[in-house]
Amino acid sequence: MQISFDVVIVGGAVVGSAAAYFLAAEPAFGGSVLVLERDPSYRDCATTRSLASIRHQFSTPENIRMSMFGTTFLRRAHEHLAVGEQGPAIGLREPGYLFLAREEGRPWLEAKHRLQRAEGADVALLSAEQLGVRFPWLATTDLATGSLGLSGEGWLDAHALMHGFRRKAVSLGAAYRQGHAVELQRRGRRIESVVLADGTRVRCGCVINAAGTGAAALARTAGIELPVQGRKRCVFHFGSPAQLPDAPLVIDPTGLYFRPEGAGFLCGVAPPENEDPECHDFEVPLDWWEERLWPALAHRVPGFEAARLLSAWAGHYDVNTLDHNAIIGAHPAVDNLVFANGFSGHGLQHSPAVGRALAELVAHGGYRALDLSALGWARVLENRPLRESNVV
């Protein structure tokens, strides 16, 4: 079986669906769009297993700018993504992110704070004393400072946002199909077809690779090595009698993070590099709760001494092993293959900006609103990392 579309997007989670929406809504684009999604239940995709949060506190200017646009878009997502009179209820809350530092981490946090302020982020540096006054539930004796997002940072319903993008894209004419893309058929400088596992060939004018942790395998079929691997990240849901009024999403100097969720809390921590191989399973190391998480939680919030684990789940970051920044744009050897991969845990919050950027690349051949060329393939091919050091 053979079908044809002007643009084929491989991966229908939040980045792929954002691209479909912005492309279908782009006045300069009048072509057809097909989104291929292997699992339309989205049960195991990174979007639905994420912490579902957004922040402006990054170390890379492009990431700050993408998140700032993301917040602006999310605040009006109900309008932007409305179909008829019904728009998605994404439940955006903006209590902020709070990055904590001991004395040795103060210079780094202050330097990043200056960059963020220069980019227009609404963030404030607080002393240990100010932290204690603002958040009396927080233990601050070993802290020197903290950087708090005053607006624009928080969390949302990732599932609602993703389906909002998808529903709006379909209403504008984009087509979705369940299918596993297994090969990109390349002739010279162009991709001619996307081959599905069931044998279907989809002829195309352009392909957008938004396949998450499957992106590298797909790129390899076109002779391109994409430095992206799946790395497991676990989220732990716990209950506690502690009351944390006005709690932001807190990032401890140890790497531990926690935030409120309903009547309980969510927390987690990235494993050390020597315990973080490429991984695609969903097994949760439950011993982390007693050995790594609970002690750090109780140290930072004494009220968490009585915390108890309720549940846990695992998902995957699509990690760019070069520099933990996304790779966005066409490969110089293939004219019609556009990449949106390696977000390293930031795909959800950057999906509005990336979706808009991908639509601009396809419809106009270049960026119009936000120049993301620094995140292109040149730095990868030249082994010139643009490191994002604020990875949670």
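Biologist: Is alanine 374 buried or partly exposed?
Modeller: Alanine 374 is partly exposed, because its relative accessible area is 34% (buried is under 20%, exposed over 50%, partly exposed in between, with a 1.4 Å probe and protein chains only). This is a predicted model, where local features need pLDDT of at least 70, side-chain atom pairs count only at 80 or more, and totals for chains, interfaces and linings use all residues. Residues are numbered from 1 along each chain as its sequence is written, and side-chain values use heavy atoms, without hydrogens or water.

Biologist: Thanks! Where does alanine 374 lie, and what is it in contact with?
Modeller: Alanine 374 is in the loop between α9 and α10 (378–381); helices (H or I, at least four residues) and strands (E, at least two) are DSSP runs numbered from the N terminus. Leaving aside neighbours within four places in sequence, alanine 374 is in contact with Glu62, Arg379 and Leu386, contact being heavy atoms within 4.5 Å.

Biologist: What about alanine 357, buried or exposed?
Modeller: Alanine 357 is buried, at 2% relative accessible area, and its place is in helix α9. Not counting residues up to four places away in sequence, alanine 357 touches Tyr367 and Leu372. Glycine 329 is 28 residues from alanine 357 in sequence, and their C-alpha atoms are 8.8 Å apart.

Biologist: Staying on α9, at what angle do α2 and α9 pack?
Modeller: Helix α2 (residues 61–75) and helix α9 (residues 347–364) pack at about 95 degrees, with their axes 7 Å apart. The axes are lines fitted to C-alpha atoms over the stretch in contact, with angles from 0 to 180 degrees between N-to-C directions. The two helices are therefore roughly perpendicular (65 to 115 degrees; under 35 is roughly parallel, over 145 roughly antiparallel, the rest oblique).

Biologist: Which residues meet there?
Modeller: From α2 there are Asn63, Met66, Ser67, Phe69, Gly70 and Phe73, and from α9 there are Gln349, His350, Pro352, Ala353, Val354 and Arg356. Those residues divide into six nonpolar, five polar and one charged. Ala, Val, Leu, Ile, Met, Phe, Trp, Tyr, Cys and Pro count as nonpolar, Asp, Glu, Lys and Arg as charged, and the others, Gly among them, as polar.

Biologist: And threonine 71, what does it contact?
Modeller: Threonine 71 is found in helix α2 and is buried at 3% relative accessible area. With neighbours within four places in sequence left aside, threonine 71 is in contact with Ile54, His56, Glu94 and Gly152.

Biologist: New topic: what lines the largest cavity?
Modeller: The lining of the largest cavity is Asn63, Met66, His324, Asn325, Ala326, Phe343, His346 and His350. Three of these residues are nonpolar, five are polar and none is charged. On a 1 Å grid over the protein atoms alone, a cavity is a set of points where a 1.4 Å probe fits but cannot get out; a pocket is an open set with protein on both sides within 12 Å along at least five of seven lines, and lining residues have an atom within 4 Å of a point.

Biologist: Since His324 came up, where does histidine 324 lie?
Modeller: Histidine 324 lies in the loop between β16 and β17 (327–330). Histidine 324 is partly exposed, with a relative accessible area of 32%. Its phi is positive, about 60 degrees, although it is not a glycine. Most residues other than glycine have a negative phi.

Biologist: What is the phi of alanine 52?
Modeller: Alanine 52, also not a glycine, has a positive phi of about 55 degrees. Alanine 52 sits in the loop between β2 and β3 (53–54) and counts as buried at 9% relative accessibility.

Biologist: Last one: how many residues line the second largest pocket?
Modeller: That pocket is lined by 29 residues, with Gly255, Ala270, Ser389, Val391 and Val392 nearest its centre. The elements giving two or more residues to this lining are β4 (97–101), α4 (106–118), β12 (228–239) and β16 (308–320). The lining residues divide into 14 nonpolar, eight polar and seven charged.
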